[in-house]
Amino acid sequence: MRIILMGPPGAGKGTAAESLIKHYHIPHISTGNIFRELYKDRTKVGKIAKEYIERGELVPDDITNEIVRHRLSHSDVKKGFLFDGYPRNLEQAEALDKMLNDMGWTLTAAINFSAPDEVIIKRISGRRVCETCGTVYHVTNKKPKVPGVCDHDQGRLIHRNDDMEHTVRRRLKIYLNHTEPVIGYYREKGLLITVDGTQSIEEIDQTLKKVLGEKT
Ligand code: AP5
Ligand code: MG
């Protein structure tokens with residue numbers, strides 16, 4: 001399984017990823033999570049990325065593609081992988097094609113989540129993430145067992161810095177201008193699977209496992 005998850009901010013990519021990576025035993029490669037980790041570790045790249053993330057803009061392609069190239073050099077990707085939030089523009093999609101081509105690999109599917117802006121704003125305003133492991137919760141849709149505390153490692157649940165409404169609106173605009181064209185790129189390659197992101201977490205999970213199951 002070599003999967004890409006695409007879709008606007010808050011559409012549910014990270015949530016769907018959590019279940020799919022367990023089901024298929026493949027690593028989760030979220031460029032957003034990698035940038036947040038690099039910042040937490042006080043690296044130079046992390047600090048640069050943070051400036052873009054907090055403005056709701058894309059981190060430059062040379063940095064992002066290099067992060068992905070490095071991640072794909074780890075041995076765990078030999079069993080497959082799930083990209084979440086990459087590629088995010090046509091330049092990144094072409095760069096990924098080159099990387100995969102060099103490794104003699106092809107993609108299994110590119111899954112696109114669709115969701116209207118009102119749903120996205122509601123989801124993001126209720127989202128809480130574990131400050132240590134990054135697990136994603138929601139105050140009503142996906143509650144932790146103990147409010148404010150992560151089920152997995154008891155970490156504190158916080159708001160992401162880029163989840164303020166004006167930053168989310170900027171992210172949505174960037175999505176429309178830069179990321180939406182990538183949908184057509186994968187449609188032309190016959191890899192696109194579109195998912196109605198407004199369904200429940202369970203419905204999306206079942207749909208994806210069924211559609212992906214037919215591809216194996
Ligand atoms: P990233 O971390 O990738 O953020 P994003 O794409 O904006 O997406 P989100 O993580 O906000 O949403 P999601 O779709 O994962 O939704 P979630 O499952 O959490 O990127 C952050 C930033 O990093 C970017 O803005 C950019 O600056 C930079 N960056 C990252 N990748 C880059 C790249 N390739 N190139 C350049 N820059 C890059 O769900 C949201 C909420 O809804 C949660 O609370 C969840 O519990 C709830 N929920 C989820 N699904 C459902 C459902 N079906 N029903 C009800 N509630 C649900
Ligand atoms: Mg996410």
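This is a predicted model: local features need pLDDT of at least 70, side-chain atom pairs count only at pLDDT 80 or more; totals for chains, interfaces and linings use all residues.
## How H6 and H7 cross

The axes of H6 (residues 117–126) and H7 (residues 165–188), which are lines fitted to C-alpha atoms over the stretch in contact, come within 11 Å and cross at roughly 140°, with angles running from 0 to 180 degrees between N-to-C directions. The two helices are therefore oblique to each other, a word for angles that are not under 35 degrees (roughly parallel), over 145 (roughly antiparallel) or 65 to 115 (roughly perpendicular).

Contact, meaning heavy atoms within 4.5 Å, is made by Asp117, Ile120, Ile121 and Ile124 of H6 and by Glu165, Val168, Arg169, Arg171 and Leu172 of H7.

## Arg127 in strand S5

Arg127 is found in strand S5 and is buried, with a relative accessible area of 12%. Leaving aside neighbours within four places in sequence, Arg127 is in contact with Val136, Tyr137, His138, Ile158, His159, Arg160, Asp163 and Arg171.

## Basis of the values

Residues are numbered from 1 along each chain as its sequence is written, and chains are lettered from A and ligands numbered from 1 in the order in which they are written. Local features need pLDDT of at least 70 and side-chain atom pairs count only at pLDDT 80 or more, while totals for chains, interfaces and linings use all residues, and side-chain values use heavy atoms, leaving out hydrogens and water.

Key. Helices (H or I, at least four residues) and strands (E, at least two) are DSSP runs, numbered from the N terminus. Buried means under 20% relative accessible area, exposed over 50%, partly exposed in between (1.4 Å probe, protein chains only).
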